[in-house]
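Please study the sequence and the structure before reading the solutions.

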Amino acid sequence: MYQQMIFVNLAVTDVDTSRKFFTELGYTINPQFSTDDCACVVISDTIVAMMLSKQRYSDFTKKEIADATKTSEVLLCLSAESREKVDELVDNAIAAGGSATGETQDHGFMYGRAFDDPDGHTWEIMWMDPAAVQG
C-alpha cells in the first residue's frame, strides 16, 4: 500500500549547524539527498525535513524568506510514543543548542512540549493516549 510522505523544507542559516543539531537528536542524514547547501534529515519512513541554506531555499520560491526567530512561518508537530519520550526529545534538543519555547501542555490524555531549533523553527512534540484517539 502506498504511504504518502511529507518533505518539510526549511530555510536555515548554517546547514552544518542544522545537520549537527538534528543528528544529536538521534535523526539520520540521508547523504543521497544532502549537499553543502542541504541536509536531508530523516525523521521517520514518511517524514523528511530538508534543511536548505537560504540561497538554496530561494531557488524554490520568489517570496521573502521568513526569519523564524522573529516571525512564525510554521509550527511543526511530531508525535512521541510516551510522555517520557516527549521529555527526552525536548531535553535533548535544548542540550544540543535549541531553546525551550511555550508552556508544557498536560491534559492528562495528551502531553506536549516544544523547542525552537537553532534557526528559530518551532517543533512541538506531543504524546496522546492511544485510548483517547480510538474514541
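A pocket is defined on a 1 Å grid over the protein atoms alone, as an open set of points where a 1.4 Å probe fits, with protein on both sides within 12 Å along at least five of seven lines; its lining residues have an atom within 4 Å of a point. The model is predicted: local features need pLDDT of at least 70, side-chain atom pairs count only at pLDDT 80 or more, and totals for chains, interfaces and linings use all residues. Residues are numbered from 1 along each chain as its sequence is written, and side-chain values use heavy atoms, with hydrogens and water left out.

**Exercise 1.** Describe the second largest pocket and its lining.

Step 1. The lining consists of 13 residues, and N9, Y57, I65, A66 and E73 lie nearest the centre.

Step 2. Strand β1 (residues 6-12) gives the largest share of this lining, four residues. Strands (E, at least two residues) and helices (H or I, at least four) are DSSP runs, numbered from the N terminus.

Step 3. By class, seven of the lining residues are nonpolar, three polar and three charged.

**Exercise 2.** Determine which elements contribute to the largest pocket.

Step 1. Among its 14 lining residues, Y27, S79, A80, E81 and L89 are the closest to the centre.

Step 2. Both β5 and α3 supply at least two lining residues each, and the largest share, four residues, comes from α3.

**Exercise 3.** Is C77 buried, partly exposed or exposed, and what does C77 contact?

Step 1. C77 is located in strand β5.

Step 2. Its relative accessibility is 45%, so C77 counts as partly exposed; buried means under 20% relative accessible area, exposed over 50%, and partly exposed in between (1.4 Å probe, protein chains only).

Step 3. Apart from neighbours within four places in sequence, C77 is in contact (heavy atoms within 4.5 Å) with E124 and M126.

How values were computed. Ala, Val, Leu, Ile, Met, Phe, Trp, Tyr, Cys and Pro count as nonpolar, Asp, Glu, Lys and Arg as charged, and the others, Gly among them, as polar.
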